[in-house]
Amino acid sequence: MIMKKCKERIFAMAIARTLTIAGSAAQGSAGLQADLKTFQERGVYGMSAITAIVANNSRTELGIFTQPLEAVEAQIYAAFEHVGIDALKTGMLFTKEIIEHVTAILKEVRADTIVVDPVMIGKMGSQLLKDDAIQTMKGVLFPVADLITPNTMEAAKILGWDSIETLKDMYRAAKDLHQLGPAYVLVKGGSLADYPAVDILFDGESYTEYRSERVNTIHTSGAGCTYAAAITAELAKGKSIEDAVGLAKEFVTEAIRHALSFERGIGSTNHAAYRNKNK
């Protein structure tokens, strides 16, 4: 009995621990729901701090409900106090007040690994970051990030560009974004026309390209959240950022290739696809 308890304790201490600070997506495909599914699939212990509840629908007037700063704060402290964190990611933060408050807490608790997914627009068209919060994210949160993961539309908006149309644009965007303070920048080119699904990682000195086939589907809800969460999980397990991005790229590609359609518009990435492929 004593031996069994010791083994259980050792196993519990060995699992990597991750936290997502993000919005809750009621339909389950994106936000912290996608993050927690990804954490589970990648074999890490996942926790969440809800910044807002996103529940857009045709029946109610309101569809986004931000959480009080005290509620966001309490959730983050609870995760650090009761479990501890090896790596965390931020997703939908929505307001400059939440961004400022979360950043201050992360500096206080000295989180070792921080992935920032600068969520701005949802697949269903919802605005998930207020316009006046973009400058705050750039000036306050990016400098404490180990990695930021904007797609081309988000990267263009952050930089004040009209658009990103070419691979050359992506390289230039990665360099300009790095000057905002993060240690690494990953510009995701999944929506870039006339290219395979190519992403560019930049560390301030060298670039790494990640390519996969472009999957012909509209069912990509949660893809960005899933990608960033998979990176976070691999970083929590001790992978380098270069290797973590490579593994996450494979994971999200399978999730998109075997996406789920509910015949009600844009469907969900399939978080079990990578596991099922490798059975």
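Reader: Is E263 buried or exposed?

Author: Buried means under 20% relative accessible area, exposed over 50% and partly exposed in between, with a 1.4 Å probe and protein chains only; E263, at a relative accessible area of 76%, is exposed. This is a predicted model, in which local features need pLDDT of at least 70 and side-chain atom pairs count only at pLDDT 80 or more, while totals for chains, interfaces and linings use all residues. Residues are numbered from 1 along each chain as its sequence is written, and side-chain values use heavy atoms, leaving out hydrogens and water.

Reader: What is the phi of E263 near?

Author: Most residues other than glycine have a negative phi. The phi of E263, however, is near 60 degrees, a positive value, and the phi of R110 is likewise near 60 degrees. R110 is exposed too, with a relative accessible area of 69%.

Reader: Which residue forms a salt bridge with D35?

Author: A salt bridge is a side-chain nitrogen of Lys or Arg within 4 Å of a carboxyl oxygen of Asp or Glu, and by this rule the count comes to 12. D35 pairs in this way with K89, their closest N and O atoms being 3.0 Å apart. Helices (H or I, at least four residues) and strands (E, at least two) are DSSP runs, numbered from the N terminus; D35 lies in helix α2 and K89 in strand β4, so the pair ties together parts that are 54 residues apart in sequence. Both D35 and K89 are buried.
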